[in-house]
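Welcome! Please take a moment to look over the sequence and the 3D structure before reading on.

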Amino acid sequence: MKTLKHLLAGLVLTGESDSVQGLPEDQLQNLIGLALQEGLAPLLYWRLSKSGYFSSLPVPIRDTLRAAYAATWAQNQNILRELAKISGAFERAGIPLVVLKGACFLLTLYEDIGLRPMGDLDLLVPAARFDLALQTAQALGYQDQIPEPAPGLRAMLNHEVCLQKPGLTFALEIHHSLVADKTYSYAVPVDWFWTQSEPLSAPAPGARFGALLMLSPEAQLLYAASHAMLQHGGQRSPLRWFYDIDRLVRYYQPRLDWNLVLAQAVRFEWGSALAAALDQAVDYFDTPIPDPVRRALSALSDRHQDLVSQKQTQPATHTLLEYQTFKTMNREARFRFVLALAFPAPVYMRWRYRFQSVWLLPWYYLRRALGILKDGLWTLFVLLRQALPFWNSKR
C-alpha cells in the first residue's frame with residue numbers, strides 16, 4: 001500500500017510533481033512535515049525547484065522548504081570547514097582518516113552540499129591511533145561533554161567517542177570500529193574495512209582537506225545497511241538513510257561488486273540486515289538491485305535474522321527497547337549495562353537531570369528508580385496483553 005512516505009520518496013527521487021498537484025494545503029503541510037522529520041526537506045526543495053513546480057506551492061510551504069535548505073547548507077559548510085581543519089591536523093599527526101556516512105555521502109553522492117542534513121561528523125581512525133586522535137581533536141577545541149554512567153562503560157560498549165566544540169551545532173564522532181564493539185553479538189572485525197579503504201574520490205570544490213579516505217562502495221553499502229537495521233533498527237531509521245543506500249547503488253552501479261557484497265555479508269552474518277535494508281530501499285525508491293542478488297539474499301539466513309525482524313517495529317515501552325540492546329551483549333556487558341541503568345554515577349546524574357545542588361541527588365535517584373519501575377510495570381501489562389489474545393477481543 002502506498003503511503004505518504006512513498007509519495008515523499010517519489011518526489012525526492014524524480015521531482016515529478018503530478019502526484020502532489022491538486023493536493024489540499026493541509027495534506028501538503030503533512031507532506032512537508034514528514035520531509036522535515038525524515039531529513040529530506042532540503043532535497044525536496046531542490047527537486048521541486050528543478051521541476052518548476054516550487055513556485056506553485058503556497059508561500060508558507062515555500063518558505064519552510066527554502067529555510068530547510070538554507071539551514072542545511074550553512075550547517076554543512078561549517079562541518080566541511082571543520083573537516084578541513086581536522087584532516088590537516090590528523091595528517092600532520094600521522095593518523096589515517098576515513099570519512100564515514102553523511103559527510104562521505106555529501107562529498108561523493110549529492111549534487112549540492114545543502115541537500116543532505118547532518119547532525120554529526122563521523123570519522124574512522126585505526127584503534128592503535130585512537131588515543132592520539134582524541135588528543136589531536138581536543139587540541140582543536142573539541143571536548144567530551146557527556147559523562148559516563150559508570151567508569152569504563154564507554155570503553156566496553158561504545159565503538160566511538162562523541163566530542164563537541166563550543167560554538168558548533170554538530171558533534172564529532174571518532175570511531176575505532178564500525179556498527180558495534182566486540183561486546184555485541186553482531187560486531188565484526190574492523191580490519192576488513194581498512195582493506196576496503198581508498199582515497200576520497202570527489203572532495204568539495206575549493207576545499208583544502210588533508211589526506212582523506214573513504215570506504216569502497218561495497219563496504220559502504222554493508223556498513224549503511226547494518227548501521228540502519230542492526231544498530232538502530234528499521235523503524236528508527238529515517239527515510240534519508242534509505243535514500244543514501246539508493247544513491248550508493250545508483251552512483252556506483254558500474255563498479256559495484258555484488259559478489260563481494262554477498263560474500264562479505266555471509267561472512268559477517270549481516271545478510272539479513274542487508275536484505276532488509278535493500279528491501280526498504282527498493283520499496284521506497286525502486287532501487288535497481290539485480291534480480292540474482294535479491295534471490296541470493298532471500299535465500300540467506302543468519303543468527304541476527306530475528307533481531308532485524310524485531311527492530312522493524314518500535315517497541316511499546318522503553319524497557320523493551322533497552323531489552324533489544326541487552327540481548328545482543330555478552331554476559332559481562334549485560335551486568336555492567338544494567339548496573340549503570342539502575343545506579344549511574346553522580347556526575348552523570350547531574351548532567352542527565354540538570355540539577356545544581358548535590359543535596360538533590362538522592363531525590364533524583366529515587367525519581368529515576370520510580371520511572372524505571374513505572375515503565376517496567378507497563379511493560380508487564382503490555383506483555384500480558386500480547387500473551388492473552390482474548391483480552392483485546394473482549395474490549
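Below is a short tour of some strands, helices and residues.

## About the model

This is a predicted model, in which local features need pLDDT of at least 70, side-chain atom pairs count only at pLDDT 80 or more, and totals for chains, interfaces and linings use all residues. Residues are numbered from 1 along each chain as its sequence is written, and side-chain values use heavy atoms, with hydrogens and water left out.

Let us begin with strand 4, residues 171-175. Strands (E, at least two residues) and helices (H or I, at least four) are DSSP runs, numbered from the N terminus. Five of the five residues of strand 4 are buried, so the strand is largely enclosed by the rest of the structure. Here buried means under 20% relative accessible area, exposed over 50%, and partly exposed in between, with a 1.4 Å probe and protein chains only. In a regular strand the side chains alternate between the two faces of the sheet. In strand 4, Ala171, Glu173 and His175 point one way, while Leu172 and Ile174 point the other way.

Two strands pair if DSSP finds at least two bridges between them. Strand 2 (residues 120-124) pairs with strand 4 in the parallel sense over five bridges, and Asp120 has Ala171 as its bridge partner. Strand 3 (residues 160-164) runs antiparallel to strand 4, and five bridges join them. Ala171 is also the bridge partner of Gln164. Strands 3 and 4 form a hairpin with six residues between them, and Gly167 in the turn has a positive phi of about 95°.

Helix 12 covers residues 271-285. The expected span of a helix is 1.5 Å times one less than its number of residues. For the 15 residues of helix 12 that gives 21 Å, and the end C-alpha atoms are 21 Å apart, which agrees. Of these residues, 13 are buried, so helix 12 is largely enclosed by the rest of the structure. Just after helix 12 comes Asp286, with a positive phi of about 55°.

How do helix 9 (residues 217-232) and helix 12 cross, and within what distance do the axes come? Their axes come within 8 Å and cross at roughly 90°; axes are lines fitted to C-alpha atoms, for helices over the stretch in contact, with angles from 0 to 180 degrees between N-to-C directions. That makes helix 9 roughly perpendicular to helix 12, a label for angles of 65 to 115 degrees.

## Leu230

Leu230 is found in helix 9. This residue is buried, with a relative accessible area of 0%. Not counting residues up to four places away in sequence, Leu230 touches several residues, including Tyr186, Trp270, Ala273 and His304.

## Helix 10

Helix 10 spans residues 239-251. Its 13 residues should span 18 Å, and the end C-alpha atoms are 18 Å apart, which agrees. Helix 10 is mostly covered, with 11 of its 13 residues buried. Among the buried ones are Trp241, Phe242 and Tyr243. The cover over its buried residues includes helix 1 (4-14), helix 9 and helix 12.

## Met214

Our last stop is Met214, which lies in strand 6 (residues 213-215). Met214 is buried, with a relative accessible area of 0%. Met214 and Glu198 are 16 residues apart in sequence and 5.5 Å apart in space, C-alpha to C-alpha. Leaving aside neighbours within four places in sequence, the contacts of Met214 include Val98, Cys104, Glu198 and Tyr252.

Notes. Parallel < 35°, antiparallel > 145°, perpendicular 65-115°, else oblique. Contact = heavy atoms within 4.5 Å.
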